[in-house]
Amino acid sequence: MNPTDSDRLQSEDFSLDIQSYESTACRVDISPVPRPEYQNPFLPSLNTGEESQQGGTFHLEGNPQQFRVFFEGNQLAEFGSLKSSFPAWARDKSRAPEEWTSLIHEIEGSHSIFGLGEKTKYLEKSGGTYEMWNRDPSGLYTHNEDPLYTSIPFYIVRKDDDPFSYLGLYLHHSERSKFDVQNRLGRGKVGLGVAAPRISMFLLPATTLKEVVKQFTQLTGKPFMPPKWAIGYHQSNYGIPHDEEEARDMARKFRQKEIPCDALYFDIQHMDEHRVFSWDRDRFPDPKGLMEDLHEQNFKGVTIVDPGIKKEEGYSPYDTGRERDVFIKDSEGEDFVGSLWPGFSTFPDFLRSETRDWWAKYNNQQLDWGVDGIWNDMNEPAIFFSRKNLYEQARQIQQDIDKGKSFGSELKHHLIEMATTTPEGLQHRDDSGEYHPHEKVHNLYGYYEAKATTEGLKQHRPNKRPFILTRAGFSGIQKYAAKWTGDNSSTWEHMKLSVYMVLNLGLSGVPFSGPDIGGFEGDVEPELLTRWIQLGSLFPFCRNHSGLDTVPQQPWSFGEPYERINKEYISLRYRIMPYLYTLFYKAHRTGLPLFRPLFMEFPSDNEARSITDHFMVGDALLAAPVLERGASKKSLYLPEGKKGTLDWQDWWTGKSYESGYHHFDAPLEKLPLFIREDHGVPLTETVQHTEDLPDTLRLRYNLKQKARVPIYHDDGETKDFQEGDYFFGEFVIDAQEGEKHADVSLEAKHEGREPFWDNVVLE
Ligand code: GLC
């Protein structure tokens, strides 16, 4: 059969359509015959480019129920066969069979599978079953917790015996879905099921992992370019600042102690009895004045915004929200009421433009107070419970018990589920007034909130790059917000988990993420905080946050030697800011993550394939954080390049090491860090915040023959870079044979702005 760019398979019961897109990707739609009525107009739009234009070609074999796709020029030449049946455990028993579509992706040979967004467990996802249904696990989450706050139904298959064979699969559905990854179905199989009567997906074959991630972000959207302050060190705490004085004191301490910091967060404590968009005027009498004072010291202020609007007459957001009819409805068409921090609350329906407009007004009021960034929390949306649900649930359980049913763990699961996020059965409306079931858009709530918030901020400050931090999201959330990984805990396990989660989010298209450094739940111990700050100084999103009434975990909270070490690593982040900022720009352009598993940079190194506790930050730095209590050594593997052994330079001593396994001393003050051969890092002196630009740029490099060190610079806050107001160039460092000195030149690629440095010092 000749390769083609669109095809159709038809049987009596099923039809399958496949269509190639701009890159090598293709879209597959499988439907029972006759084709059931189904649409989901709220699925985020995709950039599918021009259909068929220079599209990859493939050929298709089989029938709609058992087909194979072979991609031209790709070693992973097939997408496995489809089977219409799915094992009983994966079926959603509460649904009619025609409301649940499933298939099995059969993959020959041995494979590793990555992705699926925000998931616990290890980086490799085999041996697990995962659900997509945004949910606040309510309290600390464990290694097995699933689902969590954000849904990204996308995974990447890597062929274990072929370093140049990858396939991305994006299930293009926001309804509840389930993935069984080489688990109950056994090796070589991924089961997919979705609460929809037919299934749509995208197949992204590629020869490198980077290419898959680029394609996926091409499809779902490239990450936003944050303002520079958003990638500095941020300090947060549920209970602090409790009042203006505490906020000022915090800012003062950072500057006095010369610990760099860019932003302070205001959690729900700043509100008047947890009413969003309010300040408790007894404790925060002059928010505007406070923000001005913080700005004077080059701090930014970020306030939390929850979606629960207190159901209380006389409270402006509730009154105006009712007037404009912006809230989600329950099954009877009444405003849905669930309990959240302020008590019984209603929830904005972000699918309506009326709601987005109303939302923008309240967000903009925050900006008038001088707030710089918005922190969207509880947007799964989370609820503690809803009264109607509680009654209904209790009645049902009572009835079942009366009938003699005895309950086991499923009741617990049920109750927890009910108490953590909005239930099915709610209703949304679009602009024409048509109703849409919550089931379809539940996973999109955080996404649309972030979109609405972005649009609101744009109205108010058209030329400023917004900063929004979100807990919930869906594929494409990278266009609008940074993502933090919710309520983790102050344990060594969670620190480890944070590495996997950030790596995995990066592979799932979300490069700007990070955990609560130090852990949210429970008391952090000094050693853990220091190790986490060391690691955290390299996270794309770098915020120390902790729960109410936990021991203080500011960088200075435990005195010496911890304070000194914490300061050193936060300062390191600010020293390598030119490197990080350049990586953010690249992420914005390409979708490539900052945190990369070794196998993303070194695909041909077999040894590097299974290593996940050390990783690359960009393409030049390898970081090997200590993740165990009491450890003072780190065993690690320095990968090989395509042509064999590489030279790796110790960041701290400048000593060279060859590819292979090594044991390094890693006492508390040391995070093993290495520069890759023929790579370099642009850096500066330590600064106290990102607005400070020293006039000397340093280049630290590890040279054998030739290194190219990219550097990006813009004004750090406006959108003018989109009009060309930026500098991008590459330092080319050439080793001169027989000479001690290297030749260094700067190749400017785009000179829309002067570089910030006056002189360059080589290290
Ligand atoms: C949620 C958030 C947490 C925040 C708390 C209070 O638990 O995940 O970060 O501190 O609510 O607002």
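**Ground rules.** Numbering starts from 1 along each chain as its sequence is written, and side-chain values use heavy atoms, with hydrogens and water left out. Since the model is predicted, local features need pLDDT of at least 70 and side-chain atom pairs count only at pLDDT 80 or more, while totals for chains, interfaces and linings use all residues.

**Thr101.** I found Thr101 in strand β6, residues 101-106 (strands are DSSP runs of E, at least two residues, numbered from the N terminus). Its relative accessibility is 12%, so I put Thr101 down as buried (under 20% relative accessible area, 1.4 Å probe, protein chains only). A polar atom of the Thr101 side chain sits 3.3 Å from the backbone oxygen of Pro197. Skipping neighbours within four places in sequence, I listed its contacts (heavy atoms within 4.5 Å): among them are Leu192, Val194, Pro197 and Ile199.

**Lys634.** I checked Lys634 next and found it in strand β33, residues 633-638. Is Lys634 buried or exposed? Lys634 is buried, because its relative accessible area is 6%. Its side chain reaches the backbone oxygen of Pro625 at 2.7 Å. Beyond four places in sequence, Lys634 touches residues including Asp613, Pro625, His662, His663 and Phe664.

**Phe674.** I placed Phe674 in strand β37, residues 673-676. Phe674 is buried too, at 1% relative accessible area.

Terms used. Helices (H or I, at least four residues) and strands (E, at least two) are DSSP runs, numbered from the N terminus. Buried means under 20% relative accessible area, exposed over 50%, partly exposed in between (1.4 Å probe, protein chains only). A polar contact is a pair of N or O atoms within 3.5 Å; within protein, one must be able to donate a hydrogen and the other to accept it, and residues adjacent in sequence count only if both atoms are side-chain atoms.
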